[in-house]
Amino acid sequence: MVTGNIFHCRKNSWPPEEYVSRHTLHLFDFDSAGPPKHAWRRRLNSHANILKEFSITFMEAIKMVRLGIRLWSYVREEASHGRKAPIDPFTRESCKPSASQGVPLGGMGSGSISRGFRGEFRQWQIVPGTCDSSPVMANQFSIFVSRDSGNKKYASVLAPGRHEGLGKAIDEGISSWGWNLSGQHSTYHALFPRAWTIYDGEPDPELKVSCRQISPFIPHNYKDTSLPTAVFVYTLVNTGRERAKVSLLFTWANSIGGVSHLSGDHVNEPFIGEDGVSGVLLHHKQVMKP
């Protein structure tokens, strides 16, 4: 005998009200600046858990013998030609995977760049068959806020300061930047192919900031959908009595992951398009290994 109501409504996982105040959600209730009702959410001051390894049973190993032999032969054949097999379950990765991934920047079926929920650009898969999971800490958004009275000024990188990529030998002085964001009142919301980062009064308590990431996911257009690109749209709401002057800065190293930006011979070229759009074109010279 079955008791109880077997037809029930499941509560929505991670409702936005548990992470962002209702007042802030109401302020961003236009132009898709606010996060959706259904999304994967994390606070920026939280830390990603290291994923645990798992093992298989003896019977499972017996059933996978044929597959293992085929994979082993494939890995050996690729190595004989000086190539690294993109699928190699026999080699232990040097870096342990963690639950820090966010929505990637495009790359449906081709190379891609991932972005962690704390704002770092990582998991570089631009070169086929290779993956560099370490973040390039120079790739950041920063904000500068000043008020008309001149008494209040705020400057910070829009990412928490306690980060694994800071303070290392290849830091290059990046740790001296203004990492003043605690992340306690900032949240990340992911719903592929979009992601939202809401800064609810950080670093300026009277300024609400929404960063919306949009990756190309265009029906019947596989070519443009495969590009590892994204558009970041910022929406700012001033809740203070004084006018606020806000400047946004985006820094990006001429890199395809790791320390490739230090290999030299790279060229950055400013451009102005026919439609008036201006930007910087990064020419990256890849060093081919023998």
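Select Gln123 first, which sits in strand β3, where strands (E, at least two residues) and helices (H or I, at least four residues) are DSSP runs numbered from the N terminus. Phi of Gln123 is near 55°, a positive value in a residue other than glycine, and at 22% relative accessibility the residue counts as partly exposed; buried means under 20% relative accessible area, exposed over 50%, and partly exposed in between, with a 1.4 Å probe and protein chains only. As background, most residues other than glycine have a negative phi, and most peptide bonds are trans.

The model on screen is predicted, so local features need pLDDT of at least 70 and side-chain atom pairs count only at pLDDT 80 or more, whereas totals for chains, interfaces and linings use all residues. Residues are numbered from 1 along each chain as its sequence is written, and side-chain values use heavy atoms, with hydrogens and water left out.

**The whole chain**

Zoom out to show the protein, which has four helices and twelve strands. Of its 290 residues, 34% count as buried. Among contacts with a separation of 6 or more, 55% come from residues 24 or more positions apart, a contact being heavy atoms within 4.5 Å.

**The nonpolar cores**

Next, select Tyr188 and Tyr199, which touch the most other members of the largest nonpolar core, a set of 28 residues. A nonpolar core is a set of buried Ala, Val, Leu, Ile, Met, Phe, Trp, Tyr and Cys residues joined through side-chain atoms within 4.5 Å. At least two residues of this core come from each of β3 (121–125), β4 (140–147), β6 (186–191), β7 (194–200) and β8 (207–214). Apart from this core lies another, of seven residues, among them Tyr19, Phe28, Ile198 and Val237. Returning to Tyr188 and leaving aside its neighbours within four places in sequence, look for its contacts, including Trp40, Leu44, Val103, Phe117 and Trp196.

**Aromatic pairs and a cis bond**

Show the rings now: a search of the whole structure finds 13 aromatic pairs, in which rings of Phe, Tyr and Trp (its six-membered ring) have centres within 6.5 Å, planes under 30 degrees apart counting as stacked, over 60 as edge-to-face and the rest as tilted. Select Phe192 and Phe217, whose ring centres are 5.7 Å apart and whose planes stand at 80°, so the pair is edge-to-face. Phe192 lies in the loop between β6 and β7 and Phe217 in the loop between β8 and α4 (222–225), so the pair ties together parts that are 25 residues apart in sequence. Phe192 is partly exposed at 42%, and Phe217 is partly exposed at 47%. For a cluster linked by ring pairs, select Phe121, Trp124, Phe141, Phe232, Tyr234, Phe250 and Trp252.

**Salt bridges**

How many salt bridges does the structure hold? There are eight, each defined by a side-chain nitrogen of Lys or Arg within 4 Å of a carboxyl oxygen of Asp or Glu. Select Asp31 and Arg212, which form one with their closest N and O atoms 4.0 Å apart. Asp31 lies in the loop between α1 (22–27) and β1 (40–43) and Arg212 in strand β8, so this pair ties together parts that are 181 residues apart in sequence. Asp31 is exposed, at 54%, whereas Arg212 is buried, at 8%.

Then select Lys208 and Asp200, whose side chains meet in a salt bridge at 2.7 Å, N to O, and which are both buried. Arg147, Lys152, Asp204 and Glu206 are linked in a network of salt bridges. In the loop between β7 and β8, find Pro203, where the peptide bond from Glu202 is cis, with omega near -5°.

**The last stop**

Finally, select β11 (residues 267–272) and β12 (residues 278–283), which run antiparallel and are joined by six bridges; two strands pair if DSSP finds at least two bridges between them. Asn268 has Leu282 in β12 as its bridge partner. Five residues lie between the strands of this hairpin, in which Gly276 takes a positive phi near 90°.
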